[in-house]
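Look the model over, then read on.

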Amino acid sequence: MSTAPEEDRFALLAAADEVADGTLLLANTAARLLGLVVPAFADVATLDSISPHGDLRRLGSRVDAPRAREELEAALLRRRPLPDAPVGLPRAIVSSESQLLASVTDADLHAIASSDEDFELLRALELRSALFIPLRARGRTVGALALGVGTSGRSYGEDDLRFAEVLAGRIALALDNAALSQTVTGLERRLEATLTNLAEAVLVRESGGQIVFANSAAARLLNLDSARAVIEATPQQLMDLYEVFDEDGRRLELADLPSSRAGRGEEAAPLLVRNIIRATGDERWLLHKATPVFDPDGSVSLIVSVIEDLTEVKRAELAQRVLAEAGQELSSSLDYERTLQRVAELAVPRLADWCAVAMREGDLLPLVALAHVDIGKVARVRDFEARHPVHLGDPARAAEVVRSGEALLIPEITGEVVAGGPLSEEALGLARELGLRSVIVVPLALADQPPIGALTLATAESGRRLEETDLALASELGRRAAIAVENARLYGELSEIATTLQRSLLPPDLPAMPGFRMASLYRAAGEQNEVGGDFYDVFEVPGGWMVVVGDVAGRGAEAAALTSLSRYTFRTAGKLLGDPIAALEQLNTALRESPSLSLVSVCCVRLRTGDGDAYADLVLAGHPPAYHVRRGSSRPVGVFAPFLGAYEHGGWEATTIKLDPGDQLILYTDGVIDTVGVEERFGEERLARTLSGATGAADAVRRIEHALVEFAHGSQVDDTAVIAVERTSAGPVETRAPGLDDPARVAPN
Amino acid sequence: MDTRRIGDAAVVSVGGDIDLTTFAAVQSALDAARGQCTVLVLDLRAAGFMDTSGLRLVISQQQRAEADDYRFVVVPGSDRIRRLFEIAGFRKGHPLFAGAPTELDGGDGA
């Protein structure tokens, strides 16, 4: 009898098709298929799959038997076919040909059985006929089906074999599809596992913006409990959880983000944003990247976003930038009040919303710098501070920090902190009005020194919470500010010392020399605090007056010391000895005693009278000539000789000239003739021309000054000193008795 | 700046200015050139401006040569530089200018 009526066969095929089209997992597919086949077409069935590598795997077994069904199914499930059997599954698979055993004999069972036990199992199935069919789909043998009848009284014939082959085709497809689906699902799973475990936050959105996939990194970054929570929120709901700004501080909306742009089909360049979680005040720097995925028709199907957390990097970069800019600002000028204000402005809004610096001044702690993006608010606070000046002993935080020298961080200004703290009602009100969230106060102090002030950083509008890293940065800023202020103060003091020193090296006033008139000019080339190397002096000596101009090469403390030494040695020797050469020799000896080569160039002249005429004895030592102006014409005077401090014996010579009334004698240092112009130096000739026509000492100096101002181009490196002496009238030059303690002299410093 | 040997002499030729900012480099070149030579020559024919720091260098070098027993010679160049030496008491014919190799244009300050 045939196994199943026609309709049943068609029904079986249709059912198998359904399974093939379905998306069941492999195990389920096998069970469904076996259920279709048994008992409709067979009493016993086993289904195996074959992997691409050829491994046989039993997917399922079904037995329709009155007794011991489960044991038989289990045993068949475990069973491994004998690979070399002349009949059975392995043969069918290898040959790709189905087999029909119309009448199963014990001999057949023996041929198939792998052991006595196996034989017993096969016997227990009471098989009359058996079919072994290889399952082929998509050009590959994907499995094998074994069918048997016996207990139902049926048997198989050629018809059944052919039907089974057709059915096998459907079953093979069903298996293959299930297997493929398995593979794809497997791939999907692996992909999901990979994405889930990535450190970067990955979000996948639909073109409308709704998130359909988020990994756990994304959930963490967005400060949500799970990826599910991310997916369940709408895009705007998510956006509302944060304050988002671009690098320039501009507030951003959802539509500005790269993923939104990509969704609209626009260009979506990576965007670095400052993201502050409203709930906690935590600030992060996030790099948003978005890539669209297109449908075959070219429309946007999905948007993949990757968000990288660059907070550490960005913070470090910002901190360094602010410190570097602040450092530059602080060292740019000595006006520390102005630089502190600029530094406060640099800190806002990158480091905080508010920055203030207060400096000790006696018992008070006045505000020196204050910055915030809104100058209206700045005015508010300044006004408040003006009405409530802070004393060092006050409980105010800044005063506390200046007293203790300890930095202070209040990450969250809660009601209690503000209320419980040392602020007045009005101060409390102001703090609330400004919406202060977080505060840092650090001392301005150098190591081991009491603080000279305090620097405050506070957040408000940005909602950001300050933390330890901010404290470290603020402390560094405070330290640098303190150094800058100290330097400015020291510099100011040094400047004062230098000015005092410099003043001491110049005669405060030219003394009145009867019978002569004098004028002078002095310009130090360097900065205000640098003492020049030029000097001049005028003092009384036995028999007359000594006028001297000198030039010490160099600048700074060393030059100042040498200048001082030279001037006072020469003055002392001159007063004692009265003779210019003798005085120069004294100075020469003194200079030669110095361990390093100390060279000084000098032009000195002794003015004396004899018989009502005035004479000048002039000596040059490493110095350009003096100029004698008589009746409008000028000529150089003096014999060249070596520098002082160079050799044991200098061979200095005196040149004597008579000074008639109206005559001028002009002494100067080489800074005058070395003055740099546009194309050349001032030079001796130009000086000679400038002096021609001079009408007196004052006029001579005025002419030189004017000519230098006109001629000079760019900064000058050398000092300039000029002394002009004019013989005013005939008659003896009155002198008092010379003395070293002459009160007209400048007291040394 | 340029250093070469001419027979027994080490010659350091200076172009440009010798002033507060450049004299140290010239001194270094002289120190480096000295070596084993019996004559050290400072060739200023191509030099531009010179001030007291240059003179100081010359005087210092003079004293060093005397102490270490070798000759130090200067070849002045421009009129301005000759004038500078003159002001410093080094007249034409001064021993400082004598003894340079004849290739260097005389060397007697003429």
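By about how many helical turns are A:D383 and A:R387 separated in helix 14 of chain A? The separation is about one helical turn, because these residues lie four apart in that helix. Their side chains meet in a salt bridge, 3.1 Å from N to O. A salt bridge here is a side-chain nitrogen of Lys or Arg within 4 Å of a carboxyl oxygen of Asp or Glu.

This is a predicted model: local features need pLDDT of at least 70, side-chain atom pairs count only at pLDDT 80 or more, and totals for chains, interfaces and linings use all residues. Residues are numbered from 1 along each chain as its sequence is written, chains are lettered from A and ligands numbered from 1 in the order written, and side-chain values use heavy atoms, with hydrogens and water left out.

**Helix pairs in chain A**

Helices (H or I, at least four residues) and strands (E, at least two) are DSSP runs, numbered from the N terminus. Axes are lines fitted to C-alpha atoms, for helices over the stretch in contact; angles run from 0 to 180 degrees between N-to-C directions.

| Helix pair in chain A | Angle | Axes apart |
|---|---|---|
| Helix 14 (residues 375–387) and helix 17 (residues 425–434) | about 170° | 12 Å |
| Helix 12 (residues 311–332) and helix 13 (residues 336–347) | about 170° | 9 Å |

Helix 14 of chain A is therefore roughly antiparallel to helix 17 of chain A. The term applies to angles over 145 degrees. A:K377, A:R380, A:V381, A:F384 and A:R387 of helix 14 meet A:E426, A:A427, A:L430, A:E433 and A:L434 of helix 17. Contact means heavy atoms within 4.5 Å. The residues of this contact are five nonpolar, no polar and five charged. Ala, Val, Leu, Ile, Met, Phe, Trp, Tyr, Cys and Pro count as nonpolar; Asp, Glu, Lys and Arg as charged; the others, Gly among them, as polar.

Helix 12 and helix 13 of chain A are also roughly antiparallel to each other. Here A:E325, A:A326, A:E329, A:L330 and A:S332 of helix 12 meet A:T339, A:L340, A:R342, A:V343 and A:L346 of helix 13. By class, that contact has five nonpolar, two polar and three charged residues.

**Where the chains meet**

In chain A, 20 residues are in contact with 19 residues of chain B. The two chains, A and B, bury about 1,700 Å² between them, 59% of it on carbon and sulfur atoms. Buried area is the accessible area (1.4 Å probe) lost on putting two parts together, summed over both. One salt bridge is found across this interface. A:E684 forms a salt bridge with B:R83, the closest N and O atoms being 2.6 Å apart. The side of chain A that touches chain B has twelve nonpolar, two polar and six charged residues. Over all chains, the salt bridge count is 49.

**Two loop details**

The peptide bond from A:V38 to A:P39 is cis, with omega near 5°. A:P39 sits in the loop between helix 2 (26–37) and strand 1 (44–50) of chain A. A:N223, a residue other than glycine, has a positive phi near 65°. Its loop runs between helix 8 (216–221) and helix 9 (227–232) of chain A.

Notes
Angles under 35 degrees count as roughly parallel, over 145 as roughly antiparallel, 65 to 115 as roughly perpendicular and the rest as oblique.
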